Amino acid sequence: MDVPIIHKDLKKFSLTPNLTDYHRCYQSFSWTQARANIKGYGKGINIAFEAVDRHVEEGHGEQHALIWLGKKGDRQTYTYTDLKAVSNRFANLLVKLGVKQGDRIFSLAGRTPQLYAAILGTLKMGGVFCPLFSAFGPEPIQSRMTIGDASILVSSLKLYKKKVAAWQKQLSTLKHVLLYDCEGQCPEGCIDLDSQLPQADDQFTVCETSEETPALLHFTSGTTGKPKGAVHVHNAVVHHKHSGFYALDLHPGDRYWCTADPGWVTGTSYGIIAPLCNRVTLIVDEAEFDPERWYQILEQEKVNVWYTAPTAIRMLMKVGEALIQQYDLRALRFLASVGEPLNPEAVTWSQRVFGKPFHDNWWQTETGGIMLANFAAEPVKPGSMGRPLPGIHAAIVSINEQGQLTEVKQHGEIGELALKPGWPSMFRDYLHEAERYQKCFNADWYLSGDLAYEDHDGYFWFVGRSKDLIKSAGHLIGPFEVESVLVEHPAVAEAGVIGIPDEVAGEVVVAFVALKPGFNANDELTTALMAHARKKLGSAVAPRAIHIKDNLPKTRSGKIMRRLLKARELGLPEGDISTLESDEHPQQNMQNSGDQA
Ligand code: ATP
Ligand code: MG
């Protein structure tokens, strides 16, 4: 696809971007230098200290750290001093309850202030925090808490009663349940967080966690199979801070909105840690996706930097441009996306309607932070994930049948996207799955499981998950390329493409699409879509069949589950569907990602 590159004119920027010369910055970068930007205290390094306490110590306590927008229209603001105090109280409460360093504290909470206090407080006292997405049903919650040997659960009374109470006794490691929003109805054996927290001391000496002390446990999105528990350590903060600075162009005082839920790694790494480390003001919206509400928030809260996900962007595109015209979005300076491939169409749409492109970036739960990005001052190639961050060494590799790895030198050649280990936010383990962890590495490379290619400018282009690559009549076809062409058609809101076994061709391409409002499924439209795909892709790559669906199956973090499309098409077992979003409520819980990403 030949979509024109979007060039930038530095003279037109209201604020000089943090990265103005990619090559110079990439070449001169060192992790020692990045580590020196982390203040630490005593011998320790601690994510929460760096995110919050440091700024208070440096005289910025009165700056707003968090603006919380409740579902019902309430709005609360927290300064860095407030956030320090409330997280100290939470840390003290945990210590009083006998929680020890290394114990795992789980949350099952909506985007409420208590969740932010809990994660920062846990990190301060050396606990390991594991956020769960609040829309999970009882089974995925129980299985994750069991795998993680949860010792504390933080939740609301409502969520607890609905999703945990019935099986709680089966989890012998669980020592305490801390509940908020109990309104005097806290069940026996549980602790009323809203009454206990104000009684706890607001002074706390952050515990001396070291670089390798475990800090976070994040489960992957479950797009390709059973979710894995990725373990991250306190040293990750070095990359969080530095990637927020370069890839999201965060400046102190920015008003920043990451729409991802903290139940996913994006919502923690870039919804909490990276932005706070860069001393911005977080906008946190408790409500679910709603186009009008979103534009209203962007306008009223004067959001400068907005980090969201392709599914949300496609939903906004589906609603149309007229709505955007009603809002004053001039405060928006930088837009970024992660979690899934971002179709070129979405980038050019954004350039047209916001006057700025979405900057796609790529990373995974395992990488803990952004690895590839399109940068604020650099040209954007629509459809590309961008280039490696300073400090990140990425390559395309191929592995032969004997398991030997070689780096692909030829630009444009497809292979597996690999990273040289050593960046600080790299996962240290899959919890209780050491063998699976080891399998991610080959000859000193971390293998991402994604297929991509690199162009002559060093930009990386996503092709598909390695398991999703389609081999048809001697061609290798990446689902993303076919999906992007289908999404270009005015009737198509989103597309998922899979390979189906075929006696003659090996596999044939089959596409599933959901339509924009105002378009109806009929034979004429299917024929028009086929003609569009053939014209753009050629008959060897175009889908053999296109099925129109009301919705495509997605993870709760908004990723299209191609493996499920395939299983359903072939009548095979559906496998782990613990993260499947319910088909009946496609717009609910769409706040990503990413997911990761
Ligand atoms: P699981 O590992 O359980 O199957 P998952 O891989 O979807 O789930 P995440 O870690 O949340 O879990 O997502 C990372 C993956 O998301 C990447 O490996 C990639 O496939 C996809 N992804 C993330 N960002 C991008 C992007 N910008 N472009 C293309 N794909 C992306
Ligand atoms: Mg994955």
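1. Let's start with a helix pair. From helix 9, the residues Val237, His239, His240, Lys241, Ser243 and Gly244 meet Ser269, Tyr270, Ile273, Ala274 and Cys277 of helix 10. Please keep in mind that the model is predicted.

2. Now the geometry of that pair. Helix 9 covers residues 236-246 and helix 10 covers residues 265-277; their axes come within 8 Å and cross at roughly 80 degrees. Helix 9 is therefore roughly perpendicular to helix 10, since angles of 65 to 115 degrees count as roughly perpendicular.

3. A second pair is worth a look. Helix 11 (residues 291-300) packs against helix 12 (residues 310-319) at an angle of about 105 degrees, and the axes are 10 Å apart. These two helices are therefore also roughly perpendicular to each other.

4. What does helix 11 meet in helix 12? Pro291, Trp294 and Tyr295 on the helix 11 side meet Ala312, Leu316 and Val319 on the helix 12 side. The residues of this contact comprise six nonpolar, no polar and no charged.

5. Eight of its 10 residues are buried, so helix 12 is largely enclosed by the rest of the structure. The buried ones are Pro310, Thr311, Ala312, Ile313, Arg314, Met315, Leu316 and Met317. Their cover includes helix 11, strand 12 (305-308), strand 13 (334-337), helix 14 (344-354), strand 14 (358-362) and strand 26 (492-502). Just after helix 12 comes Gly320, with a positive phi of about 105 degrees.

6. On to the domains. The chain divides into domain 1 (10-454) and domain 2 (468-591). Taken over C-alpha atoms, the domain centres are separated by 29 Å. In the contact between them, 38 residues of domain 1 touch 28 residues of domain 2.

7. Is Lys559 buried or exposed? Its relative accessible area is 7%, and because buried means under 20%, Lys559 counts as buried. A polar atom of the Lys559 side chain lies 2.7 Å from the backbone oxygen of Gly339.

Terms used: Residues are numbered from 1 along each chain as its sequence is written. Chains are lettered from A and ligands numbered from 1 in the order in which they are written. This is a predicted model: local features need pLDDT of at least 70, side-chain atom pairs count only at pLDDT 80 or more; totals for chains, interfaces and linings use all residues. Side-chain values use heavy atoms; hydrogens and water are left out. Buried means under 20% relative accessible area, exposed over 50%, partly exposed in between (1.4 Å probe, protein chains only). A polar contact is a pair of N or O atoms within 3.5 Å; within protein, one must be able to donate a hydrogen and the other to accept it, and residues adjacent in sequence count only if both atoms are side-chain atoms. Axes are lines fitted to C-alpha atoms, for helices over the stretch in contact, and angles run from 0 to 180 degrees between N-to-C directions. Helices (H or I, at least four residues) and strands (E, at least two) are DSSP runs, numbered from the N terminus. Angles under 35 degrees count as roughly parallel, over 145 as roughly antiparallel, 65 to 115 as roughly perpendicular and the rest as oblique. Contact means heavy atoms within 4.5 Å. Ala, Val, Leu, Ile, Met, Phe, Trp, Tyr, Cys and Pro count as nonpolar, Asp, Glu, Lys and Arg as charged, and the others, Gly among them, as polar. Domain bounds come from an automatic or database domain assignment.
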